[in-house]
Amino acid sequence: MQYNGGSIVAMVGKNCVAIASDLRLGNQALTIATDFEKVFPITDRIYLGMAGLATDVLTLRERFRFRVNMYSIKEEREIEPKTLAQLVSSTLYERRFGPYFIEPIIAGLTDSSKGSQPFIASADLIGCLNFAKDFVVVGTAEDKLLGVAEGLWEPDLEPEDLFETISQTLLNAVDRDAFSGWGAVVHVITPDKVITRTLKGRMD
Amino acid sequence: MECQFGLSGNGYVLLAASTTAVRSIVKMKHDQDNIKVLGPQLIMSYSGEPGDTIQFAEYIERNIRLYQIRNFHALRPSSAASWLRRQLADSLRSRNPYAVNILLGGYDNATSKPHLYWMDYLGTLTNQPYAAQGYGSYFVLSLLDRYHNPEASLEEGLETLRRCIDEVEKRLVVSQGKYIVKVVDKDGVRVIEL
């Protein structure tokens with residue numbers, strides 16, 4: 001969990017959700033890459049982030065893409081965020097006694113025909129789900145993220161305010177963590193578009 | 001104790017690997033070539049557990065060749081990197097995993113761009129303008145942070161490479177001996193005498 005470093009946070013807003021991650025890839029204290037993304041689009045309104053061992057992040061990205069594609073083909077519809085959460089959970093629990101060393105975060109909006117509700121969830125490395133109403137954090141800076149988010153987050157933020165809140169939360173938390181940082185990428189998911197921005201932080 | 005590094009420039013990728021084979025405190029060999037030519041425009045340097053490196057490198061070499069024979073064209077660098085990563089990632093969770101670290105350099109003819117990939121024995125893959133592995137990486141990476149130029153000509157690239165080798169020679173307790181250097185560009189793969 002500490003080997004490659006990295007942190008992710010997701011937050012709920014008013015009719016929108018945001019998910020953000022840092023960009024560092026390290027080998028213990030040595031930084032290898034500063035452009036390593038840990039958050040991936042699953043559908044055009046659901047994003048999945050994975051913090052932990054980088055090789056498992058890459059392996060599971062491929063594995064989830066396969067499983068979500070199989071779901072869409074069989075069901076002939078897009079996957080719902082809560083269904084994805086269960087899929088992620090069962091995929092991780094399949095490896096209960098030899099786990100993938102990642103902690104996932106899911107952020108998305110439910111089907112617009114059912115009112116487009118914001119949804120966030122996180123899980124531990126063996127797939128124990130945590131459905132939160134406000135925000136979820138994972139990664140090497142999770143303790144700091146939890147503290148900052150607790151102070152900055154408030155209910156019913158508009159997309160632009162949510163972007164500011166999540167960005168400040170992440171940037172300030174990773175500044176106190178040696179294993180995370182080197183800039184960040186933020187996705188704000190709204191019913192009609194996804195706003196993706198890359199941020200610079202303390203680049204040291 | 002081995003050291004390998006690579007850097008990309010204007011239309012080329014350079015890979016350098018130390019040629020000394022060490023066992024315990026003894027230098028066993030001074031001319032070991034740790035850079036395999038995988039295709040007309042693809043090279044791979046490797047280091048790690050002595051038995052695993054050669055076994056794994058030859059497995060990769062033959063399978064990439066097989067793909068080329070079957071499909072009448074070579075695998076592009078990004079595809080080769082993805083496949084290589086998968087081999088390492090699957091191996092990691094097998095009974096006896098390969099402990100091999102890899103730098104993969106290639107020139108993509110379709111986009112006319114050079115590619116350099118850093119990969120460790122866990123299957124962590126990342127595309128980088130410059131990369132290093134082994135004890136030398138602690139000195140070389142900071143040097144490359146300062147002196148690497150993505151638009152550098154081959155001569156300028158080689159100059160930076162010499163700087164890296166000299167720095168490792170100067171600061172690392174164990175001398176690495178000679179390096180083998182290979183370049184891949186639009187004309188293919190060549191060995192370069194420094």
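User: How many residues are in contact between chain A and chain B?

Analyst: In this predicted model, 20 residues of chain A are in contact with 18 residues of chain B.

User: And what area do the two chains bury between them?

Analyst: Chain A and chain B bury about 1,300 Å² between them, and 54% of that area is on carbon and sulfur atoms. On the side of chain A, Leu30(A), Ile32(A) and Thr55(A) supply 35% of the area that this chain buries against chain B, which is more than any other three residues.

User: How many salt bridges are there across the interface?

Analyst: The rule finds two salt bridges across the interface of chain A and chain B, one of which joins the side chains of Asp56(A) and Arg93(B), with 2.5 Å from N to O. As for polar contacts, eight residue pairs between the two chains are counted, with both residues at pLDDT 80 or more.

User: Which elements of chain A supply residues to the side that touches chain B?

Analyst: Strand E3 (25-27), strand E4 (30-33) and helix H1 (54-75) of chain A each supply at least two residues, and H1(A) gives the most to that side, with six residues. Sorted by class, the side of chain A that touches chain B has 12 nonpolar, five polar and three charged residues.

User: Changing topic, which residues touch the most other members of the largest nonpolar core?

Analyst: That core has 62 residues, and those touching the most other members are Phe5(B), Leu14(B), Met44(B), Leu84(B), Ile102(B), Leu104(B) and Leu161(B). Not counting residues up to four places away in sequence, Leu161(B) touches Phe5(B), Leu7(B), Leu14(B), Ala16(B) and Val181(B). Another core, of 23 residues, lies apart from the largest one and includes Ala18(A), Leu145(A), Leu171(A) and Ala184(A).

User: Is Ser21(A) buried or exposed?

Analyst: Ser21(A), which has its place in strand E2 (residues 17-22) of chain A, is buried, because its relative accessible area is 0%. Leaving aside neighbours within four places in sequence, its contacts include Ser7(A), Ile8(A), Lys38(A) and Ala184(A).

User: What is phi for Ser116(A)?

Analyst: Phi of Ser116(A) is near 55°, a positive value in a residue other than glycine, whereas most residues other than glycine have a negative phi. Ser116(A) lies in the loop between strand E7 (102-109) and strand E8 (118-123) of chain A, and it is buried, with a relative accessible area of 8%.

User: And where is Trp182(A)?

Analyst: Trp182(A) is in the loop between helix H4 (159-174) and strand E11 (184-189) of chain A. Trp182(A) has a positive phi of about 60° although it is not a glycine, and it is partly exposed, with a relative accessible area of 25%.

Note on methods
Residues numbered from 1 in each chain as written. Chains lettered and ligands numbered in written order. Predicted model: local features only at pLDDT ≥ 70, side-chain atom pairs only at ≥ 80, totals over all residues. Heavy atoms only, no water. Helix = DSSP H or I, 4+ residues; strand = E, 2+ residues; numbered from the N terminus. Buried < 20%, exposed > 50% of the residue type's maximum accessible area, 1.4 Å probe, protein only. Contact = heavy atoms within 4.5 Å. Buried area = accessible area lost by both parts, 1.4 Å probe. Salt bridge = Lys/Arg side-chain N within 4 Å of Asp/Glu carboxyl O. Polar contact = N/O pair within 3.5 Å; in protein donor to acceptor, adjacent residues only side chain to side chain. Nonpolar A, V, L, I, M, F, W, Y, C, P; charged D, E, K, R; others polar. Core = buried A, V, L, I, M, F, W, Y, C linked by side-chain atoms within 4.5 Å.
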